[in-house]
Amino acid sequence: MLAVRQAFQRKTGIVVQTAKNMKEYHEELKEALDNAYLRETLDKFAVAYKANRAAIFADLNERELIRDIAKAKDAALPNLDALFDRFAREASRRGVHVHRAATAADANAILCRIARENGCRKIIKSKSMTAEEIRVNRALEEQGCEVVETDLGEWIIQLRHESPTHMVMPAIHLSRYQVADTFTGATGRRQDSDIEKLVRLARRELRARFAEADMGISGANFAIADTGTIGICTNEGNGRLTTTLPRVHVALAGIDKLVPGIEDALRIIRVLPRNATAQDITAYVSWLTGSAECAESRDKRKIMHVIFLDNGRSSLAKDPACKDALRCVRCGACANVCPVYRLVGGHKMGHIYIGAIGLILTYFFHGREKARNLVQNCINCGACKDVCAAGIDLPAIIQEIRARLVEEEGAPIESSLLAMVLGNRKLFHTLLRFGQWAQRPVTGGTPFIRHLPSIFMQGQGFRALPAIASRPFRDQWEDLRVRLPKEGKIKVGLFAGCAQDFIYPEQLKAALNIFAAKGCSVDFPMEQSCCGLPVQMMGERKASEKVALRNVKAFDPARYDYIVSLCASCASHMKHGYPRILREHAEMAAEVRRYAGLVRDFSSFARDVLDLNEADLRNDAERVCYHAPCHLCRGMEVTEQPRELMRFAGEYRQTPEEDVCCGFGGSYSMKFPEISARIMEKKLDGLEGSGASVLVTDCPGCVMQLRGGEEKRGNTLKVEHMAEFLERHMKK
């Protein structure tokens, strides 16, 4: 059966992610990247979703509502046992049989026993990710039952022997022509690709299944402990037919779906459809309390069971670093906004659960061997966190899982070497200085590495890589500092990071000129080094802590009003990441908090603190477009200040999807160059279409990605850091 299913999947062009190692995973990613229809479909959906979501949330205080949901979920998680007992007591009083299954195998065993004891052979299902999680269909079919999915998307993928590619829209990856071919195979009659005709066919084919079914299986969006009620949100009538027509109804729910009262469920309902499909509310919200009347049963009552699945949830609820994952309401929004999902789809970015939350739940529900490859495929753009209906810091949990995988299985050699190098500042800087000398034969006298043999490029041919600067910023500091006020009205500690210190010192020098013009005094502590984000992303926990501690100790908070970084990624990591990374260092807690509190990015500092405005800048109507770095617009929540600054100095031309990732992601672009290249190409297409002559951004990593891409394309756009752009337009 497995061989037949795999052969069918290959024939239809979609193979569920089954890679055993990174080499196989890259091969599977290539299959998805070669699927032009998949990319086009997910692209269109992502663009429409963002606009529709913004419109549907316009009348709500979205952030306050999400905070309330997170607070309620956090209060419920430590009390799951008590909530289960209360639900079981109330539901049992109303004629419902309640079970608790420790594992997927236990849940399937209970379900199969219910089917046997009640003589159920024909079973219908409404949509349930919990049922997918435990592979209910396979268990029942092995017992001789016929199981039919009645959600349209689920029925389509069942006929194709596939898994869902999205938690809410399981068949979004398929065209109407593929669906028509699938229905042709299922019915034995040639089917038209007209969507209305396909829907009518599905209704006709499934109608008899509803009437014949002995058992209906549903999921549950909520389980209300106070009344023993389950709540189900659906957009198709199949959910109500599945729960009402058969004489036996079994609801499957993760134990994390337990909430104390109806108010908690209603709060989630206000967000769930808006976040999932940009609707005010789903077409059907069904509440089932107790066993209903049923003429076919001996006692004239429906046989109703609720199975609560644990499958690792209780342990996860006690995990201080990762427990927030159980806040998830299964809206699927983390996939909707993910630039990686947008390219490769859920079959390559999930095991059963999809998107960012899928990378996490795969590790906890299905084991590290299933998660090992998947959890690497996060670019850390923060878009998932930004839209999460429950306020989950999904990227932080993914980073935690990477760290655990390193601890459990050991690190790849390149990761260990980087950790060793970054952990020793002098060694790191010595190697960078050596690199400046060693690169001379391959730069051709340009700022780019041009002649490096392809064996060393590792798929990096999609962009020109920058050369190390002839003289790092730290070597120029003594000459530069004499031009700055000694006792300025604002005291700045300048954090360089490795990219601007050793690759783009001109960006820092441009900032110094602006600081000097606005009367700032600046200090540059020599003990600072890389912010540590690269090793944090690789899961090298100890090296990440070591680097963070070094940087905190390098800057004396008492000496500065602000610590300014021209790298959005560094700023976000230091401000939000350091307190989390260094939480075990209690003796430094106050110092870490002070340090993080002083960190500012360049653009918000220039606009809000220095009050840089049109009086300071020369506007020559230069046409300029903007790329918003992920860690600036989401990590630092800085959005308007860069655009205001550009309007002061030029003709700002807004482009679609300015805040979508450029594809760099630090080490991500080295690990997944095939995805990084596609994201970059789409980004540059949009920016070049603006008619601008200059592209401005606030992060050296984004400069590296986009300038390198433009160099390969022939430089339609001049790519500058915001500091360089503003310094060029400063009035003398």
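A crossing is left-handed if the near helix is turned anticlockwise from the far one by less than a right angle, and right-handed if clockwise. I need that for the helix pairs below.

**Entry: ground rules**

I'm working on a predicted model, where local features need pLDDT of at least 70, side-chain atom pairs count only at pLDDT 80 or more, and totals for chains, interfaces and linings use all residues. Numbering runs from 1 along each chain as its sequence is written, and side-chain values use heavy atoms, with hydrogens and water left out.

**Entry: confidence**

I checked pLDDT, the predictor's confidence in each residue, from 0 to 100. The chain has a mean of 92, and 95% of its residues reach 70 or more. Over residues 1–15 pLDDT stays under 50. For that stretch I find 20 contacts (heavy atoms within 4.5 Å) beyond four places in sequence. Where pLDDT is low, the predicted coordinates should not be read in detail.

**Entry: helix pairs**

Two packed helices are described by the angle between their axes and the distance between the axes. My helices (H or I, at least four residues) and strands (E, at least two) are DSSP runs, numbered from the N terminus. Axes are lines fitted to C-alpha atoms, for helices over the stretch in contact, with angles from 0 to 180 degrees between N-to-C directions. For wording, I call angles under 35 degrees roughly parallel, over 145 roughly antiparallel, 65 to 115 roughly perpendicular and the rest oblique.

I started with α24 (residues 473–481) and α26 (residues 505–517), which pack at an angle of about 25° with axes 10 Å apart. That makes α24 roughly parallel to α26. The crossing of α24 past α26 is right-handed. On the α24 side I see F473, Q476, W477 and L480, and they meet P505, L508, K509 and L512 in α26.

Next I took α31 (residues 602–609) and α33 (residues 640–649), whose axes come within 8 Å and cross at roughly 65°. That makes α31 roughly perpendicular to α33. This crossing of α31 and α33 is left-handed. S603, S604, A606, R607 and D608 are what α31 brings, meeting Q641, P642, E644, L645 and F648 in α33.

**Entry: cysteines**

How many disulfides does the structure hold? I get zero disulfides, with a disulfide taken as a pair of cysteine sulfur atoms within 2.5 Å. C145 is in none, and its nearest cysteine sulfur, that of C112, is 6.8 Å away. I use buried for under 20% relative accessible area, exposed for over 50% and partly exposed for in between (1.4 Å probe, protein chains only). C145 counts as buried, at 6% relative accessibility.

C570 is buried at 7% relative accessibility. Its C-alpha is 9.7 Å from that of C498, which is 72 residues apart in sequence. Not counting residues up to four places away in sequence, C570 touches F495, G497, C531 and S565.

**Entry: positive phi**

R330 is not a glycine, yet its phi is positive, about 60°. I find R330 in the loop between α14 (313–317) and α15 (333–336), and it counts as buried at 11% relative accessibility.

D611 also has a positive phi, near 55°, in a residue other than glycine. D611 belongs to the loop between α31 and β17 (623–626). Is D611 buried or partly exposed? I have D611 as partly exposed, with a relative accessible area of 40%.

K683 is in helix α35 (residues 673–688) and is buried, with a relative accessible area of 6%. Beyond its neighbours within four places in sequence, K683 contacts H627, E657, E658, D659, V660, C661, C662 and L706. I also checked K683 against L152: 531 residues apart along the chain, with 34 Å between C-alpha atoms.

E540 lies in the loop between α27 (533–537) and α28 (541–554). E540 is buried, at a relative accessible area of 12%. A419 is 121 residues from E540 in sequence, yet 6.5 Å away, C-alpha to C-alpha. A419 is also among the residues E540 touches, along with V406, A411, S415, S416 and V535, not counting residues up to four places away in sequence.
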